[in-house]
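Please look at the sequence and the 3D view before reading on.

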Amino acid sequence: MLVSGTGSNLQAIIAAIHSGQLLLDLVAVVSDRANAPALGHAHRNGVPTFVLEPRAFPNRTAWESALCELLDDCHPDLIALAGFMRILGPDTVGRFARRLLNIHPSLLPRYPGLHPHRRALEQGDPEHGATVHLVTPEVDAGPRLARIRVPVRPSDTEEALIERTKRAEHRLYPAVLTELARGHLVVTPDAVFWNGVRLESPLEFPFS
Ligand code: GRF
């Protein structure tokens, strides 16, 4: 997994692996920030961690090739981004095409980028949510695999909506990874298939 922050999605994924729901090995957690709390969660759960801070490299290209080398060494079937605050360039995205996933806290294509919850509240949206999508060079714009809807309450502050959406993310990400690991969800160069049927719109997971 690639992380930069608190790692609550990482924790949800680790919990799903421990419970036997998610049949994947988490082989490595990579962060661009040495002080990311996510690293501590990985460490406590025996997952190897790696830090690649951009300032340790002469330029962005050098940082990104080090990241690619590290990922290659891990031979990952999937690379899940959760709160990873770096944009990956076209070479990296191309090299790991169809294996790079990200979770974004909005019902994409609404509100890509920063402050999606705030923007949903400003627009008076009756619902918000989170989306798992494939990573492409354009931020939060890759093919959408699945999403979960979250109600917006009239009294919601941004913090309250972030919190409720996070809880939904913690259901969604492990569930999508489970579908991929079981081979129910299949990503090909041209399309995404779920149980053999071409996916025309993202899978919907219920919020509870
Ligand atoms: C999540 O809201 C995720 O959707 C977004 O960044 C946040 C990461 O949170 N891309 P955490 O580090 O998993 O707690």
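## Ligand contacts

A polar contact is a pair of N or O atoms within 3.5 Å; within protein, one must be able to donate a hydrogen and the other to accept it, and residues adjacent in sequence count only if both atoms are side-chain atoms. A backbone N or O atom of Gly7 is 2.7 Å from an oxygen atom of the ligand. Polar side-chain atoms of Thr6 and Glu169 each lie 2.6 Å from a ligand oxygen atom. The ligand on its own exposes 370 Å², and the protein buries 84% of that (Shrake-Rupley method, 1.4 Å probe).

The model is predicted: local features need pLDDT of at least 70 and side-chain atom pairs pLDDT 80 or more, while totals for chains, interfaces and linings use all residues. Residues are numbered from 1 along each chain as its sequence is written, and side-chain values use heavy atoms, without hydrogens and water.

Residues near the ligand (a heavy atom within 4 Å) include Ser8, Asn9, Ile103, His104 and Lys166. Helix H1 (8-19), strand E5 (100-104) and helix H6 (158-181) are the elements that give two or more residues to this shell. Helices (H or I, at least four residues) and strands (E, at least two) are DSSP runs, numbered from the N terminus. The shell has two nonpolar, seven polar and two charged residues; Ala, Val, Leu, Ile, Met, Phe, Trp, Tyr, Cys and Pro count as nonpolar, Asp, Glu, Lys and Arg as charged, and the others, Gly among them, as polar.

## An aromatic pair

The whole structure has one aromatic pair (ring centres within 6.5 Å, using the six-membered ring of Trp; planes under 30 degrees apart are stacked, over 60 edge-to-face, the rest tilted). The ring centres of Trp63 and Phe84 are 6.4 Å apart and the planes are at 20°, so the pair is stacked.

## Backbone features

Most residues other than glycine have a negative phi, and most peptide bonds are trans. Arg98, in the loop between H4 and E5, has a positive phi near 70°. The peptide bond from Leu108 to Pro109 is cis, with omega near 10°.
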